[in-house]
Amino acid sequence: AYDLFLKGEFEQRVAHSNFRPESFDQAARWYKEAIARDANFALAIAQLAICRLRRHWLTDPLTGADVMEAGSMAKQALTLAPDLAEAHVALGLFHYYGFREYEPALTEFQRAIELQPNNSLALLYITSVHRRQGKWDRTLDELKRSTDLDPRNPTLAATLAETYLFVRRWRDAEDTARH
C-alpha cells in the first residue's frame, strides 16, 4: 500500500507542476489503489482528498457531488487519525477550495500547523486565504516563513514573487523570481 501511496505522491507533484487533469487523475488512481490495499490508510485518504480538491481548483471544476465526496474523504481521514496534519489540510481545502469558507479553512490549516509546525503547505494555504482577504503584510510574512521552511519548493517562491507583484513591490518580485 505504501509503495502505491508514494507513486501517488510523485504523480501529485507532477500534477501540481503541469496542471494537467490526467496527472491529477493518475495520482488519484494510485491513492485509490493504496486505499484498496489498506482501507485505514488515513494519509492516503487525506492525500486523495487533497488531490481531488487541487484538481477542482487548478484545472477542471468538480461537480458538487464530487466536492462533497472529497470532503467526506477528508472527514474519514480525520476520524481515522485525528492528529494527522494532512487530514486537517484536506478538510481546510474542502472549505476553501470547495466553498470559499475562509474561517473554517483557516481553523483547519492552523490545526495542521499546531500538529506539524514545519508544514510549509499548510502555511501556504493560510497565506492563500489571507491573500484573498487582502491581508498583504501578513501574507508576505507567512510566505517568507514558508519559503524558509521549504526553500526548494518552487510553488512557494513563485507565490511569493506573484504576491510582490500584487502589492507593486517590483524589485522584490524580480529578485524572488530570479532566485
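Modeller: Phe99 is partly exposed, at a relative accessible area of 39%. That value lies between the 20% limit for buried and the 50% limit for exposed. Keep in mind that this is a predicted model. Phe94 has a relative accessible area of 4%, so Phe94 is buried.

Now take the rings as pairs. The structure holds 11 aromatic pairs. Phe94 and Phe99 make one of them, with ring centres 5.3 Å apart. Their planes stand at 80°, so this pair is edge-to-face. The angle matters here because planes over 60 degrees apart count as edge-to-face.

Next come Tyr96 and Tyr97. Their ring centres are 5.2 Å apart. Their planes meet at 35°, so the pair is tilted. Stacked would need planes under 30 degrees apart. How accessible is Tyr96, buried or exposed? Tyr96 has 3% relative accessibility, so Tyr96 counts as buried. Tyr97 is buried too, at 6% relative accessibility.

Tyr96 and Tyr97 form one aromatic cluster with Trp57, Tyr102, Phe109 and Tyr125.

Aromatic residues turn up in a helix contact as well. Helix H1 covers residues 2-18, and helix H2 covers residues 21-37. Their axes come within 8 Å and cross at roughly 165°. That angle makes H1 roughly antiparallel to H2. The crossing of H1 past H2 is left-handed. Among the residues that meet are Phe5 in H1 and Phe24, Trp30 and Tyr31 in H2. The contact residues divide into nine nonpolar, six polar and five charged.

Methods: Residues are numbered from 1 along each chain as its sequence is written. This is a predicted model: local features need pLDDT of at least 70, side-chain atom pairs count only at pLDDT 80 or more; totals for chains, interfaces and linings use all residues. Side-chain values use heavy atoms; hydrogens and water are left out. Axes are lines fitted to C-alpha atoms, for helices over the stretch in contact, and angles run from 0 to 180 degrees between N-to-C directions. Helices (H or I, at least four residues) and strands (E, at least two) are DSSP runs, numbered from the N terminus. Angles under 35 degrees count as roughly parallel, over 145 as roughly antiparallel, 65 to 115 as roughly perpendicular and the rest as oblique. A crossing is left-handed if the near helix is turned anticlockwise from the far one by less than a right angle, and right-handed if clockwise. Contact means heavy atoms within 4.5 Å. Ala, Val, Leu, Ile, Met, Phe, Trp, Tyr, Cys and Pro count as nonpolar, Asp, Glu, Lys and Arg as charged, and the others, Gly among them, as polar. Rings of Phe, Tyr and Trp (its six-membered ring) pair if their centres lie within 6.5 Å; planes under 30 degrees apart count as stacked, over 60 as edge-to-face and the rest as tilted. Buried means under 20% relative accessible area, exposed over 50%, partly exposed in between (1.4 Å probe, protein chains only).
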